[in-house]
Amino acid sequence: MSDAPIFLVGCQRSGTTMLRLVLDSHSRISCGPETRFLTDMERIVGRDWERLARFGFPREDWLRRIRDFFGGVHSDYADGRGKARWADKTPLYALVIPFVTEVFPDAQIVHVIRDGRDVVVSHRKRFGYWSAVKCVVKWPRYIRVARAAGRALPPERYHELRYEEAVREPEKTMRALFEFLGEPWEPGVLDYGDKDHDVAEKYTTEAEKRRAAARTDAQIYGSRVGTYRRELDPFLRLLVWVFSRSTLRELGYR
């Protein structure tokens, strides 16, 4: 079994939180709250490098310091929960996978992909209309950047997981995920609601409302697949057609 770090990425509202709770329900894996600040650290060896290089420390030393700090936070958190391995779920890191894998050369990347039309609908419901408008450009960008980075990694380091497959066939999809991670299968990961997770209260409230609307007690369900057919208005449909259709076709969404 591996102790390599796991990074769960993907455009926001693609099902990454659901996957986070699945991972966090495994007896060996801890997946805590989003960190988000690794992108800030990228600037240290990126656009700020010319200035910070004047300290005289080589770039590799900065990377080590970042790895020790970031990995240390996760390792201590995992140890405190009796877990042997840590995972980080931060959708934003889909845009900086090369940096993530430079800091953590053995990291495994799990990229969650969802139909961009449903992602737009979810943005509107969660963040408002203007967020949905911006999402028609944001979603293809996340997909394009993350997949390009994934192609540069060996197959044992990068795994794509479709949201639609996860909710349609949860056990089959999650078994494939844990096989990729090199972890034993545990059926209990599908019942993540029965376990304790460090999540915001608002998430629990929203999840309960969504299950009530779907009229189900299951943790993983597929009622939100294809919501764009009834909830995407003509203007957003036009924007999706203009900005997202080529990516939708590339991914096989019809």
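1. Start with the residues where two helices touch: Gly 116, Val 119, Val 120, His 123, Arg 124 and Phe 127 of α6 meet Tyr 129, Ser 131, Ala 132, Cys 135, Val 136, Lys 138 and Trp 139 of α7 (contact means heavy atoms within 4.5 Å; helices are DSSP runs of H or I, at least four residues, numbered from the N terminus). That set splits into eight nonpolar, three polar and two charged residues, with Ala, Val, Leu, Ile, Met, Phe, Trp, Tyr, Cys and Pro counted as nonpolar, Asp, Glu, Lys and Arg as charged, and the others, Gly among them, as polar.

2. Bear in mind that this is a predicted model, where local features need pLDDT of at least 70 and side-chain atom pairs 80 or more, while totals for chains, interfaces and linings use all residues. Numbering runs from 1 along each chain as its sequence is written, and side-chain values use heavy atoms, without hydrogens and water.

3. As for geometry, α6 (residues 116–127) and α7 (residues 129–151) pack at about 150 degrees, axes 7 Å apart. The two are therefore roughly antiparallel (over 145 degrees).

4. Now the salt bridges (a side-chain nitrogen of Lys or Arg within 4 Å of a carboxyl oxygen of Asp or Glu): the count is 19. One pairs Glu 250 with Arg 147 at 3.0 Å, N to O. Glu 250 sits in α13 (residues 245–250) and Arg 147 in α7, so this pair ties together parts 103 residues apart in sequence. Glu 250 is exposed at 51% relative accessibility, whereas Arg 147 is buried at 17% (buried is under 20%, exposed over 50%, partly exposed in between, with a 1.4 Å probe and protein chains only).

Terms used. Axes fitted to C-alpha atoms, helices over the stretch in contact; angles between N-to-C directions. Parallel < 35°, antiparallel > 145°, perpendicular 65-115°, else oblique.
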